[in-house]
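Good morning, colleagues. Please look at the sequence and the structure as I go through them.

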Amino acid sequence: MYGNGGGMGWMWFIWPIMILVIVLVVVLLVRGSGGGTNRGSGSAPPPGPVTGRTRAQEILDERYARGELTDEEYQDRLRQLRGDSDR
(Lines give C-alpha, C1' and ligand atoms only; values in the text may rest on other atoms or scores of the structure.)
Protein backbone atom coordinates (compact mmCIF):
# COMPACT_ATOMS: atom_id res chain seq x y z
CA MET A 1 0.00 0.00 0.00
CA TYR A 2 2.82 2.48 0.89
CA GLY A 3 5.43 1.00 -1.42
CA ASN A 4 8.52 0.07 0.57
CA GLY A 5 6.99 0.72 4.04
CA GLY A 6 8.30 4.24 4.66
CA GLY A 7 5.00 6.07 4.21
CA MET A 8 4.47 7.12 7.87
CA GLY A 9 8.11 7.27 9.03
CA TRP A 10 8.42 11.00 8.33
CA MET A 11 5.63 11.72 10.83
CA TRP A 12 8.05 11.00 13.71
CA PHE A 13 9.91 14.14 12.68
CA ILE A 14 6.88 16.30 11.93
CA TRP A 15 4.90 15.76 15.16
CA PRO A 16 7.52 17.16 17.56
CA ILE A 17 7.93 20.20 15.32
CA MET A 18 4.16 20.72 15.17
CA ILE A 19 3.89 20.46 18.96
CA LEU A 20 6.70 23.01 19.42
CA VAL A 21 4.99 25.41 17.01
CA ILE A 22 1.66 25.06 18.84
CA VAL A 23 3.32 25.67 22.24
CA LEU A 24 5.14 28.70 20.84
CA VAL A 25 1.90 30.15 19.45
CA VAL A 26 0.11 29.65 22.78
CA VAL A 27 2.98 31.31 24.71
CA LEU A 28 3.00 34.28 22.34
CA LEU A 29 -0.78 34.66 22.58
CA VAL A 30 -0.70 34.59 26.39
CA ARG A 31 2.11 37.14 26.59
CA GLY A 32 0.51 39.34 23.97
CA SER A 33 -2.78 39.42 25.84
CA GLY A 34 -1.09 40.63 29.03
CA GLY A 35 -1.26 37.32 30.84
CA GLY A 36 2.51 36.88 30.96
CA THR A 37 4.78 37.89 33.78
CA ASN A 38 5.49 41.54 34.18
CA ARG A 39 9.18 41.84 34.97
CA GLY A 40 8.72 45.40 36.15
CA SER A 41 6.26 44.71 38.90
CA GLY A 42 7.56 44.83 42.42
CA SER A 43 10.67 46.69 41.40
CA ALA A 44 11.61 50.32 41.81
CA PRO A 45 9.14 52.93 40.58
CA PRO A 46 9.82 54.62 37.26
CA PRO A 47 12.45 57.36 37.38
CA GLY A 48 11.36 60.91 38.03
CA PRO A 49 8.57 62.24 40.17
CA VAL A 50 5.25 60.64 39.32
CA THR A 51 3.08 62.79 41.56
CA GLY A 52 5.14 65.95 41.31
CA ARG A 53 7.10 65.10 44.46
CA THR A 54 10.80 64.38 44.48
CA ARG A 55 12.31 61.31 46.06
CA ALA A 56 13.85 63.54 48.74
CA GLN A 57 10.41 64.81 49.70
CA GLU A 58 9.06 61.25 49.79
CA ILE A 59 11.85 60.27 52.20
CA LEU A 60 11.13 63.35 54.31
CA ASP A 61 7.43 62.45 54.40
CA GLU A 62 8.24 58.88 55.40
CA ARG A 63 10.52 60.02 58.23
CA TYR A 64 7.86 62.44 59.46
CA ALA A 65 5.22 59.71 59.33
CA ARG A 66 7.45 57.39 61.39
CA GLY A 67 7.84 60.12 64.00
CA GLU A 68 11.54 60.68 63.40
CA LEU A 69 10.97 64.42 62.82
CA THR A 70 9.03 67.00 64.79
CA ASP A 71 6.56 69.31 63.07
CA GLU A 72 9.09 72.14 63.14
CA GLU A 73 11.91 70.00 61.71
CA TYR A 74 9.63 68.69 58.98
CA GLN A 75 8.47 72.16 57.92
CA ASP A 76 12.02 73.52 58.00
CA ARG A 77 13.42 70.72 55.83
CA LEU A 78 10.44 70.93 53.49
CA ARG A 79 11.14 74.64 52.98
CA GLN A 80 14.78 73.83 52.27
CA LEU A 81 13.80 71.25 49.67
CA ARG A 82 11.48 73.67 47.93
CA GLY A 83 14.13 76.36 47.93
CA ASP A 84 12.24 78.76 50.19
CA SER A 85 14.69 80.81 52.22
CA ASP A 86 12.42 83.00 54.32
CA ARG A 87 13.96 81.83 57.59
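**The annotated segment and helix α2**

The UniProt record, an unreviewed entry, lists residues 12–30 as "transmembrane region"; its positions follow the numbering used here, feature names are shortened, and annotations may be inferred rather than shown by experiment. This is a predicted model, in which local features need pLDDT of at least 70, side-chain atom pairs count only at pLDDT 80 or more, and totals for chains, interfaces and linings use all residues. Residues are numbered from 1 along each chain as its sequence is written, and side-chain values use heavy atoms, leaving out hydrogens and water.

Over residues 12–30 the chain is 100% helix and 0% strand. Helices here are DSSP runs of H or I with at least four residues, strands are runs of E with at least two, and both are numbered from the N terminus. The end C-alpha atoms of this segment are 28 Å apart.

Let us turn to helix α2, residues 55–65. Which of its residues are buried (under 20% relative accessible area, 1.4 Å probe, protein chains only)? They are Q57, L60 and D61. These residues lie on the same side of α2, because they cover an arc of only 100° around the axis, taken from the directions from the helix axis to the C-beta atoms.

Finally, the salt bridges: a side-chain nitrogen of Lys or Arg lies within 4 Å of a carboxyl oxygen of Asp or Glu. The structure holds four. R55 pairs with E58 at 3.3 Å between the closest N and O atoms, and with E62 at 3.7 Å.

Definitions and conventions
Buried means under 20% relative accessible area, exposed over 50%, partly exposed in between (1.4 Å probe, protein chains only).
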